[in-house]
Amino acid sequence: MPSRRRAEHSPGEVSALCGHSPGRCAGDCDLDARDPSVRDGRIFGGVLAVAHGQADQAVFHLDAAVAAGFNDCVTLHAALFRPLHHDPRFRALYQRMRITEADLDELFWLHQEMQLMARDAQRATVDNMGRLDTGVSLLPQAPMPTREPNTLGVLVTRIDLAATQTALQQAALKLDFQRSSGNTSLSLIDDSWDYTRAERDAWYADDLDSQRLRAAEARAFVERPGAGTTLLPCPPLGSIIYPSPA
């Protein structure tokens, strides 16, 4: 049975996810209470089950998540879930989901940002290889949307993005600290260390960091004028192309 452990969120963290003011969130916006699918871990259970080819368990978990408010139809078009598209039980639970145009716009953005963040992490790893300086580069993150969503299921995907951003940033930092500490040791024990190149590498890394930061800031979510807020059925199953980092 899935764990019932409560997730701990400060009022500021909760408001960053749901779009409410910190004062309001501190009083009545507990993510666990607002969205049982977060508390129950049904989405995670469904992902694990489908990854292991357990269609029955995947449908069971996803059905419970939809009943609890999950409506991320974009997620269900990822390659991992395509084998379920011909399952009548999966099609039935998909048809129960409702979304607004405004929330669907944000879901597309959230998933694309996950892909872009992963791409940036890969590029940063390549760019940092062979650097002789001792500096450490941060992996910039696009700001989380601040609008108040029309449906609670959007909060789950915001949490997914926040977790993805944190994991990728920590992994990138770990690799960069290892490179930096190695260069520091080298500078202390080896007179052949190339200080001139190290300075040039540091300047080049700072320039790349600035470019990545500006690019992340430019990717901030912008609400589409006139996007509807009326609940509608999700787009037909199979009609959504999962976002790519291109």
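User: Which residues does Arg-179 touch, not counting residues up to four places away in sequence?

Analyst: In this predicted model, Arg-179 touches Asn-128, Arg-131, Asp-133, Gly-135 and Val-136. Arg-179 itself is found in helix H9, residues 153-189.

User: What makes Arg-179 count as buried?

Analyst: Its relative accessible area is 13%. Buried means under 20%, so Arg-179 is buried.

User: Why is H5 called roughly antiparallel to H6?

Analyst: Helix H5 (residues 42-51) and helix H6 (residues 55-67) pack at an angle of about 160 degrees, their axes 8 Å apart. Angles over 145 count as roughly antiparallel, so H5 gets that label against H6. The crossing of H5 past H6 is left-handed.

User: Which residues make that contact, and how do they divide?

Analyst: From H5 you get Arg-42, Ile-43, Gly-45, Gly-46, Ala-49 and Val-50. H6 brings Gln-57, Ala-58, Phe-60, His-61, Leu-62, Ala-64 and Ala-65. They split into eight nonpolar, four polar and one charged.

User: Which residues of the largest nonpolar core touch the most other members?

Analyst: Leu-62, Leu-76, Tyr-94 and Met-97, out of 33 residues in that core. H5, H6, H7 (88-96), H8 (101-128) and H9 each give two or more residues to this core. There's also a second, separate core of five residues, including Met-117 and Ala-172.

User: What does Tyr-94 touch, leaving out residues up to four places away in sequence?

Analyst: Cys-73, Leu-76, His-77, Cys-234, Pro-235, Pro-236, Leu-237 and Ile-240.

Definitions and conventions. Residues numbered from 1 in each chain as written. Predicted model: local features only at pLDDT ≥ 70, side-chain atom pairs only at ≥ 80, totals over all residues. Heavy atoms only, no water. Axes fitted to C-alpha atoms, helices over the stretch in contact; angles between N-to-C directions. Helix = DSSP H or I, 4+ residues; strand = E, 2+ residues; numbered from the N terminus. Parallel < 35°, antiparallel > 145°, perpendicular 65-115°, else oblique. Left-handed = near helix turned anticlockwise from the far one by under 90°. Contact = heavy atoms within 4.5 Å. Nonpolar A, V, L, I, M, F, W, Y, C, P; charged D, E, K, R; others polar. Buried < 20%, exposed > 50% of the residue type's maximum accessible area, 1.4 Å probe, protein only. Core = buried A, V, L, I, M, F, W, Y, C linked by side-chain atoms within 4.5 Å.
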